[in-house]
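Please look through the sequence and the model shown here, and then follow the paragraphs below with the structure at hand.

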Amino acid sequence: MPRVSQDHLEARRRQILDGARLCFGRFGYEGATVRRLEEATGLSRGAIFHHFRDKESLFLALAEDDAARMADVVAQQGLVQVMRDLLAGDSEHPADWLGTRLEVSRRLRTDPEFRSRWAEHSQQLTTATRKRLEWQRRSGNLRDDIEVNVLADYLQLVLEGLVSHLAMGLPADDLEPVLDVVEDSVRRHRGD
C-alpha cells in the first residue's frame, strides 16, 4: 500500500477545515451535520474523521486555526488591523470566520465542557495583542498612562462589539473612521 505524503495529508486537512468553516458558519455547530460536512468538504465521513476524532474536535481545530491566523495578523499589524480586515472582507474567510467566532462565543456561554477545552487554546490572541502593545510601548508609539493589560482588554472588547455589530447585520460601511478613533485612542500623542 503506497504511503501518503505529509504534504497530501496537510492539504486534505486544510480542505476539511475550509469546508467545515463554511458549514459551521452557515449552519452553526448543531446544524453542521455529518452529511452537511461531507457536502461542504467534498469528502466522506471516513475521510473527515480520519483527520479529526469527532465533530467537536473538528470545530475546536477550526477555531484554533482561526485564532492562530488572527494572532499572526496581530503580531505583525495589531488587533485593529484584524478589525479592518473584517470590515474590508480582505481576510481569507471574513464572513465564515465571523460565523466560527460567533459559534465559539455561543458555546463558551452554554457549554462548560467546551469552555474548559477552549480555555487551553484561547490565549493566543490575548498574548499576541499584549506582545504587540508592549512592543509599541517600547517604540514610544503607545500611550503610557494606561497599563498594557487594560489596553489589550479594551481592544478585545471593541473586537467583540464589532463582531456583534456584524452578526446583527448592521451596516458596516461607515465604521473605518470608528476604527481610526479606536487606534488613535491607544497611541501616544507626541504633543502630550
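Arg45 counts as partly exposed, because its relative accessibility is 45%, where partly exposed stands for the range between buried, under 20% relative accessible area, and exposed, over 50%, as found with a 1.4 Å probe on protein chains only. Its partner is Glu38, with which Arg45 forms a salt bridge whose closest N and O atoms are 3.4 Å apart; a salt bridge here is a side-chain nitrogen of Lys or Arg within 4 Å of a carboxyl oxygen of Asp or Glu. Glu38, in turn, counts as buried because its relative accessibility is 18%.

Before going on, please note that this is a predicted model, in which local features need pLDDT of at least 70 and side-chain atom pairs count only at pLDDT 80 or more, while totals for chains, interfaces and linings use all residues. Residues are numbered from 1 along each chain as its sequence is written, and side-chain values use heavy atoms, with hydrogens and water left out.

The secondary structure of the protein comes to ten helices and zero strands, where helices (H or I, at least four residues) and strands (E, at least two) are DSSP runs numbered from the N terminus. Along its principal axes the C-alpha trace spans about 70 × 40 × 30 Å, and buried residues make up 40% of the 192 residues. Of the contacts with a separation of 6 or more, 70% are between residues 24 or more positions apart, a contact being heavy atoms within 4.5 Å.

Two annotations come from the UniProt record, whose positions are given in the numbering used here, with feature names shortened, and whose annotations may be inferred rather than shown by experiment. The unreviewed entry places "domain: HTH tetR-type" at residues 10-70, a span that is 87% helix and 0% strand, with its end C-alpha atoms 20 Å apart. The "DNA-binding region" of the unreviewed entry covers residues 33-52, and over these residues the chain is 75% helix and 0% strand, with the end C-alpha atoms 15 Å apart.

How many salt bridges does the structure hold? There are 18 of them, and one joins Asp18 to Arg21, with the closest N and O atoms 3.1 Å apart. Because Asp18 and Arg21 are three residues apart in helix H1, they are separated by about one helical turn. Asp18 counts as partly exposed at 22% relative accessibility, whereas Arg21 counts as buried at 1%. Both belong to a network of salt bridges that links Arg14, Asp18, Arg21, Asp65, Asp66 and Arg69. Elsewhere, Arg130 forms a salt bridge with Asp153, the closest N and O atoms being 3.6 Å apart; since Arg130 lies in helix H8 (residues 123-138) and Asp153 in helix H9 (residues 148-167), this pair ties together parts that are 23 residues apart in sequence.

The aromatic rings make another set of links. Rings of Phe, Tyr and Trp (its six-membered ring) pair if their centres lie within 6.5 Å, and planes under 30 degrees apart count as stacked, over 60 as edge-to-face and the rest as tilted. By this rule the count comes to five aromatic pairs. Phe24 and Tyr29 form a stacked pair, 5.9 Å centre to centre with 5° between the planes, and the rings of Tyr29 and Phe59 have centres 5.6 Å apart and planes at 75°, so that pair is edge-to-face. Tyr29 lies in helix H1 (residues 6-31) and Phe59 in helix H4 (residues 55-77), so the pair ties together parts that are 30 residues apart in sequence. Tyr29 and Phe59 are both buried, and ring pairs link Phe24, Tyr29, Phe59, Phe114 and Trp118 into a cluster.

Charged side chains also meet the ring of Tyr29, where a charge sits over a ring if NZ of Lys or CZ of Arg is within 6 Å of the ring centre and within 35 degrees of the ring normal. The charged end of Arg107 sits 3.9 Å from the centre of the Tyr29 ring, and Lys55 lies over the face of Tyr29 at 4.4 Å from the ring centre. Lys55 lies in helix H4 and is buried yet has no salt bridge, the nearest side chain of opposite charge, Glu30, being 6.7 Å away; in this count Lys and Arg are positive and Asp and Glu negative, while His and the chain ends are not counted.
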